[in-house]
Amino acid sequence: MQTNLEKIRAEAESELAAAKDAADIERWRNKFLGRKDGAVVQILRGLAQMPIDERKAVGEAANSLKVALEAALATKEDAAKREALAGQPESSKVDVTLPGVQPAIGRYHPITQTMREIVGAFSSMGFQAVEGPEVEIDYYNFEALNIPKGHPARDMFDTFWVDYKNDKGERAMLLRTHTSPMQIRVMEKQKPPVRVVVSGKVFRYEATDATHESIFHQVEGLAVDDNLSLADLKGTLYEFARRLFGADRKVRFRCDYFPFVEPGVDMAIDCFNCGGQGCRICKETGWLEIMGAGMVHPSVLERVGYDSKQYTGLAFGIGVERVAMLKYGIDDIRHFYANDMRFLRQF
Ligand code: DAH
């Protein structure tokens, strides 16, 4: 009996190898694996007449033959399908039964993600998101923000000037050094109450190092209304810090100077790495500065035609790269723009 099975196996294998088309394969299937009188089925049926001690061994052998033949058949069918496709012109080589090719899925750059998160935190507090031009004129970037020509604060902003001169022969166009000029543009167009956030690229003519890039991003905020006070500024920024850095963040405000606000402050959060004990990330201070802010200077309000006796404003400017570096523990700003996919895929 066993030799009979071996014979069937050998015969089946050679006939399958010789099968040339779908019809050959179908005939082969009937002959060996057919349900009614295929070779394997006949053997299984014969088991009943066999002496009991032979039954088990023959049954097992017949079953494993069946499994082997089914596997050989599947392989053959697959090969036949590929061969059939290969013979066709390129355009019709589509087998809808083959598994699809998964397209690579893109993602937002970590800076874009962080910027959206910052803007999202403020828009849920009622701020409207706007954008503005990257090429600015001197008036909006400096003059209207209380930084006239010759003002020492211009030194804070190393500027890329556009090679264009106005009627007076002055360079009057530049790449914006901050997003603050949009404060003026927004207020010129609209009466209070104002509540906007401005996100985008800014440019500074400076050497690149671990914490400086000549192109980076800011999110600016401005609110103008009756009765806004420093308490509103603090409350708003506190809420923002909790949203981005977690519920038990502490914040610290210290006096700072920016010509377009009075008083001016800088805001820091307690270091999330060491909890304020002092570590490498916070340079042993326990605090991380994340933005400049303040109450809009009355003369800035007057310049756009707002009555500074009736209205007050709060403003802030957040460095997006700085926030992203703190949030993700990144120690060099240049990683963001090196386009190393191993870095970018982590976000
Ligand atoms: N524009 C400032 C800078 O780039 C940041 C800033 C400080 C913006 C104070 C503000 C503010 O709106 O009130 O350094």
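User: How do the residues lining the largest pocket divide into nonpolar, polar and charged?

Analyst: For the classes, Ala, Val, Leu, Ile, Met, Phe, Trp, Tyr, Cys and Pro count as nonpolar, Asp, Glu, Lys and Arg as charged, and the others, Gly among them, as polar. On that scheme, the lining of the largest pocket splits into 20 nonpolar, twelve polar and 13 charged.

User: Before we go on, what sort of model is this, and what pLDDT do local features need?

Analyst: Residues are numbered from 1 along each chain as its sequence is written, and side-chain values use heavy atoms, with hydrogens and water left out. It's a predicted model, where totals for chains, interfaces and linings use all residues, side-chain atom pairs count only at pLDDT 80 or more, and local features need pLDDT of at least 70.

User: What volume does the largest pocket have?

Analyst: A pocket here is an open set of points on a 1 Å grid over the protein atoms alone, where a 1.4 Å probe fits, with protein on both sides within 12 Å along at least five of seven lines; lining residues have an atom within 4 Å of a point. Points are joined across faces, edges and corners, and the volume is the space filled by probe spheres set on them. For the largest pocket that comes to about 1400 Å³.

User: Which element gives the most to the lining of the largest pocket?

Analyst: The 45 lining residues include Thr211, His212, Glu289, Gly319 and Arg322, the closest to the pocket's centre. Elements are DSSP runs numbered from the N terminus: helices (H or I, at least four residues) and strands (E, at least two). Those giving two or more lining residues are strands E5 (215–226), E6 (251–256), E7 (261–270), E8 (287–296) and E9 (311–319), plus helix H10 (320–328). With eight residues, the one that gives the most is E8.

User: Which space does the ligand take?

Analyst: A molecule sits in a pocket if more than half of its atoms lie within 2 Å of the pocket's grid points. By that test, the space the ligand takes is the largest pocket.

User: How much of the ligand does the protein bury?

Analyst: Among the N or O pairs within 3.5 Å (the polar contact cut-off), a polar side-chain atom of Arg204 is 2.9 Å from a ligand oxygen. Polar backbone atoms of Ala315 and Phe316 each lie 3.3 Å from an oxygen atom of the ligand. By the Shrake-Rupley method with a 1.4 Å probe, the ligand alone exposes 360 Å², and the protein buries 93% of that.

User: Which residues around the ligand are the closest?

Analyst: The shell (a heavy atom within 4 Å) divides into seven nonpolar, seven polar and two charged residues. Of the 16 residues around the ligand, the closest are His178, Ser180, Arg204, Gln218 and Glu220.

Note on methods. Polar contact = N/O pair within 3.5 Å; in protein donor to acceptor, adjacent residues only side chain to side chain.
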